[in-house]
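Here's a quick briefing to read alongside the coordinates.

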Amino acid sequence: MNMELKNILKDLLEGRLDIDEATSKVMSFGYIPVMDIAKADTHRIHRTGYPEAILAEGKTPQDTLAIVRSHLESCGRALITRVSDSHLEYLNENFSSELVDWHPRARSYIVSTGKEIKKTGSKIGIISGGTADIGVAEEAYVVAREMGCDVLKAYDVGVAGIHRLYPEISKLKQNNVKAVVVAAGREGTLPAVVSGLIDVPVIGLPVSTGYGAGGNGEAALLSMLQSCSIIAVVNIDAGFVAGAIAARIANIAVEP
């Protein structure tokens, strides 16, 4: 934020901004009102280290679009999560394909006016127990990439065939990842196993796969909370949160 303020003052001093434009930019450090429906926290990344994401779920496509446009005007980039088919159709009607990065498994939509993500040099790993867990894992992947991390993925390496996991753990170690997200449904055992094999923080991500007693991710969540290995645990299907935490840990680890 300090750097942005210096840039604004420099642009004002050198005549690239007038006083009203500079005032508007400084005022936007807090938030940008979007009609009477939202207050876009466009400087969350500078204040907390975590990016602002626009959760499409529960919003109309029209409201979502208005919030996206406020982010683009201020930041040049917007991340939308939990995008339904109706949201996707409406967003595609309003943005040309060259501005869009759509991640169908994650149901995540990125719009950019050309602003690129600055790489931090950090790395994380994302592991899924089964193929059915990939959608939630991919949401974690999208946000970690938006936070400047490189991501190594290892999918379908769950405990039903534990031999599949060991080569992937070796790859993560060799690439010096700083944190690992482990997405697993059903009984949710995998994060505890991974934590016992690697010396970086592990974030357990319970997934709402499974059925019957303890289905919909409940058994996975409780299993992770009861882990005898030391792990952090996020809510069921909270891929965004898991990816953001892992990326924040990794980014702090590589800061000078």
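This is a predicted model: local features need pLDDT of at least 70, side-chain atom pairs count only at pLDDT 80 or more; totals for chains, interfaces and linings use all residues.

**Helix H9 and what packs on it**

In helix H9 (residues 218–225), the buried residues include Ala 220, Leu 221 and Met 224. Look down the H9 axis and its buried residues fall within an arc of 100°, so they line one face of the helix.

- As for what covers the buried residues of H9, the list includes helix H8 (190–195).
- Strands are on that list too, among them E9 (180–184), E10 (202–206) and E11 (232–233).

**The four-stranded sheet**

- Four strands make up an open sheet, ordered E3-E4-E6-E5, and the pairing is mixed.
- At the edges you'll find strand E3 (54–55) and strand E5 (100–103); each has a single partner strand, so one side of each is left without a neighbour in the sheet.
- E3 and strand E4 (residues 77–81) run parallel and are joined by two bridges.
- Within that pairing, Leu 55 has Thr 81 in E4 as its bridge partner.
- Helix H4 (residues 61–75) lies across E3, E4 and strand E6 (108–112), and it runs at about 150° to E4.

**The aromatic pair**

- How many aromatic pairs are there? The count comes to one.
- That pair is Trp 102 with Tyr 109, and its geometry is tilted: 6.0 Å centre to centre, with 55° between the planes.
- Tilted is the label because planes under 30 degrees apart count as stacked and those over 60 as edge-to-face, with the rest called tilted.
- Is Tyr 109 buried or exposed? Tyr 109 is buried, because its relative accessible area is 0%, and buried means under 20%.
- Trp 102 is partly exposed, with a relative accessible area of 25%.

- Strand E7 (residues 123–128) and strand E8 (residues 150–154) run parallel, with five bridges joining them.
- Across that pairing, Ile 127 stands opposite Ala 154 in E8.
- Glu 168 itself is found in helix H7 (residues 165–174).
- Why does Glu 168 count as buried? Its relative accessible area is 18%, and the cut-off for buried is under 20%.

Conventions: Residues are numbered from 1 along each chain as its sequence is written. Side-chain values use heavy atoms; hydrogens and water are left out. Buried means under 20% relative accessible area, exposed over 50%, partly exposed in between (1.4 Å probe, protein chains only). The arc is that of the directions from the helix axis to the C-beta atoms. Contact means heavy atoms within 4.5 Å. Two strands pair if DSSP finds at least two bridges between them. Axes are lines fitted to C-alpha atoms, for helices over the stretch in contact, and angles run from 0 to 180 degrees between N-to-C directions. Rings of Phe, Tyr and Trp (its six-membered ring) pair if their centres lie within 6.5 Å; planes under 30 degrees apart count as stacked, over 60 as edge-to-face and the rest as tilted.
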